[in-house]
Amino acid sequence: MASAASGATGWYRGRVKAVPSGDCLVIVAIASTKPGPLPEKTITLSSLIAPRLARRGGVDEPFAWESREFLRKLCIGKEVTFRVDYNVPSINRDFGTVFLGDKNVAMLVVAQGWVKIREQGQQKGEGSPYLAELLRLEEQAKQEGLGRWSKVPGAAEASIRNLPPSAIGDPSNLDAMGLLAANKGLPMEAIVEQVRDGSTLRIYLLPEFQFVQVFVAGIQAPQMGRRAATESVVESELTSDDTNNNGDVPGEPRAPLTSAQRLAVSTSAETAADPFAHEAKFFTEMRVLNRDVRVVLEGVDKFSNLIGSVYYPDGESAKDLALELVENGFAKYVEWSANMMEEEAKRRLKTAELQAKKNRLKMWTNYVPPPSNSKAIHNQNFSGKVVEVVSGDCIVVADDSIPYGSPLAERRVNLSSIRCPKMGNPRRDEKPAPYAREAKEFLRTRLIGRQVNVQMEYSRKVAPTDGSIVPSAAADSRVMDFGSVFLLSSAKVDNDDALPSAPPAGSQPNGVNVAELVVGRGFGTVIRHRDFEERSNYYDALLAAESRATNGRKGIHSAKDPPVMHITDLTTASAKKARDFLPFLHRSRRVPAVVEYVLSGHRFKLLIPKETCSIAFSFSGVRCPGRDEPYSDEAIALMRRKIMQRDVEIEVETVDRTGTFLGSLWESRTNVAVTLLEAGLAKLQTSFGSDRIPDFHLLEQAEQSAKRQKLKIWENFVEGEEVSNGATVENKQEEVLKVIVTEVLGGGKFYVQTVGDQKIASIQQQLASLNLKDAPVLGAFNPKKGDIVLCYFHADKSWYRAMVVNTPRGPVESPTNMFEVFYIDYGNQEVVPYSQLRPVDPSVSAAPGLAQLCSLAYIKIPNLEEDFGQEAAEYLSELTLSSGKEFRAKVEERDTSGGKVKGQGTGTILAVTLVAVDAEISINAAMLQE
């Protein structure tokens, strides 16, 4: 059992775990080679009898409490040396001698008068080896009137405690709600008399000695199980004078069994203790049993049980029992009782449990983490400048370690563990949520162009159902990267050419945590992660900031109505509405604006705060490479670094036929077009007159400098070979196509096929040779958005190539599931059942679609939903599609802003003049005449 001090003489070392009475100690071993709780032994001091504490419903013997308290305060938790002197088999009790240091504990107790010497037993050797000295000390205490030998009149009666009825087993003896109301949140002095399990204590509340059971708030330790018993056995256990091996108090006040308890005892079967229940109980006993503790009542459950936090002394400080149990894997976090506690205490418990699970401590030894869609990111810290604020919780940072201006430098960083109001999606007619604009603007004004340190922490797979804006071509899920961003406290907008070096990986970033800044201003909330979900390394700081914002009623936590801002978006309005707005921009020479988005190297979406509207804006006389052309991405990346979301000034000259405003733009008094031309990423186009362009001489100088250095688009430039800019349009080779019209849309748009194209005959021949009778097998063929498939066209009972535009939600479950498809060789679009689709061989799908989207040049035709739009479409169809004629299409302009083909009406548009082979006037003119 206890550690041997001198095995041959029978002396052992141990630590006092409990003091049940004034003459009895429960001693545990210092260490053990066996797992589980340490061995323990109950020792009654040889030849001594202390006054007995009250049994259930009884009263103390005089001086019983003072006797127990003297021994408890003298020995509890201390290391002692002991020996068993003799054993009385009839009561199965060991009597022995205990030394505290070099002091005999029995002598100390006798000398203070708290016990009396037992009459010598009948059996030889049933007495203390130090009996003579004990008798001398007893006589001395009697003469001095110490302890129980006090000669003060009434001292014996005064020493008997006035015990209120026990609340154990009979809640009616305690006004739990009244006790809570009077002491909520206040520390109450108490002594722990019994540990039922790791998280359930029976205590005396001082000074009234109210005996109550307290459940430790916020946690639950493993249960100790239940023994099958009859009522008589239970009664005998409760009234036994012996101290059991668990250190339970003899004769402690207990209530009679209720009828429900009697029924439960008589019918209950034996249940085993939970794993680690004994270890958890022992852990708690070694810290609080028979100790002075402070109890802070947190609440009362529906059965009038007291729920409280228990603090025990540890040197000069106090420790939280709940936190200690959870940190060591002896208890789990319980939400229902934790909700009675303060947020900070809850957070500490939750964090401790997560760490115990990660380390698989004790009760979590076999814990298997639930599947998580988040994954930690290690050693990916970097520094850079903020290029874009996407929303209050997402930014784009240009990594300093990647060459300046490269599109690869931009990294999207979602702020870890916080969520801000969503910005919505104008294309889907989703408006920004309350405070979404304010959150984004809060970050824009503080971060754009500023140097930050980024600590990447985790990535997470998200599905479109999360409410995130997912590109239409995306798969079922995408991966988002999350990290903590630190704004350097002394940062200023440095010159881009003098980039500071990144801090070494793993170093602690200096500066302000941006997520904490956002949450603290009430523009976001902290995500309550599930166990084992990755989270911010600064999660506690975020929760503290959220608590401050909530208490201060800031932002989204405010009871006030959120600010409302109505922005007129002229980028989606008609060109006429844009022209009507032009005089407002001419009132001031230079108008303040904010660059909302970089559409291309020379075209932007601007917010005009003064006029509360957004416009499309393009540089006058300066053009960058079009989409998918060489250096297009570099031009966009440069403009994003230079002006994205910056405060700028514009000077508008005019508005073009598409509703785009043309003019000049300055950022920090620098003409931004000069920057593009100097980098070799744009050309001057002055066919409409250079005299109207401010700083034109600077633009020319910048272009000449790029030509001399053969930068980017001028890499193959040879002096003297190029025609002047003014003649470029005139010398452009005329492009005329012979076509047939295959589909007519609204707004003057239509699809054509080139006549005599060998690809058409080749593809038709390949399709005719395919055997497509067998229906596809469900589950084996799952077409996704953007896939090229074969589709059966009912009108002529033939198979054609088609692109999947829309699919049903989830996997295909029936041949009747509907898919929307776009016939890439003809331009028509329809919804068909799954049974009409077949997989296509790569040799057939590789060739690009043969249908080319066109519009009638130089004229504007109303869309289908506008007045006369339907009639215009029908007339155009009558002139082209229904006539079956061949046409000559003269290409006047190519518009590549539509990007790749994603369905009907998307992709590159050719603005053409369309003339029938046998006609005198063009279709364009015929539409105008009509």
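Tutor: Two strands count as paired if DSSP finds at least two bridges between them. Helices (H or I, at least four residues) and strands (E, at least two) are DSSP runs, numbered from the N terminus. This is a predicted model, in which local features need pLDDT of at least 70 and side-chain atom pairs count only at pLDDT 80 or more, while totals for chains, interfaces and linings use all residues. Residues are numbered from 1 along each chain as its sequence is written, and side-chain values use heavy atoms, leaving out hydrogens and water.

Student: Thanks! How many bridges join E36 to E37?

Tutor: Strand E37 covers residues 749–754 and runs antiparallel to E36. One of the bridges links Val744 with Phe750 in E37. The number of bridges joining E36 to E37 is 5.

Student: Which residue in the turn of that hairpin has a positive phi?

Tutor: E36 and E37 form the hairpin, with 4 residues between them. The phi in question is about 65°, and the turn residue that has it is Gly747.

Student: What is the bridge partner of Leu737 in E44?

Tutor: E36 (residues 736–744) also pairs with E44 (residues 887–895), in the antiparallel sense over 4 bridges. In E44, Leu737 has as its bridge partner Ala889.

Student: Moving on, is Glu353 buried or exposed?

Tutor: Glu353 sits in helix H11, residues 343–358. Buried means under 20% relative accessible area, exposed over 50% and partly exposed in between, using a 1.4 Å probe and protein chains only. Because its relative accessible area is 4%, Glu353 is buried.

Student: How far is the backbone nitrogen of Tyr333 from a polar atom of the Glu353 side chain?

Tutor: Tyr333 is among the residues in contact with Glu353, where contact means heavy atoms within 4.5 Å. From that side-chain polar atom to the backbone nitrogen of Tyr333, the distance is 2.8 Å.

Technical notes
Polar contact = N/O pair within 3.5 Å; in protein donor to acceptor, adjacent residues only side chain to side chain. Lists of a residue's contacts leave out its neighbours within four places in sequence.
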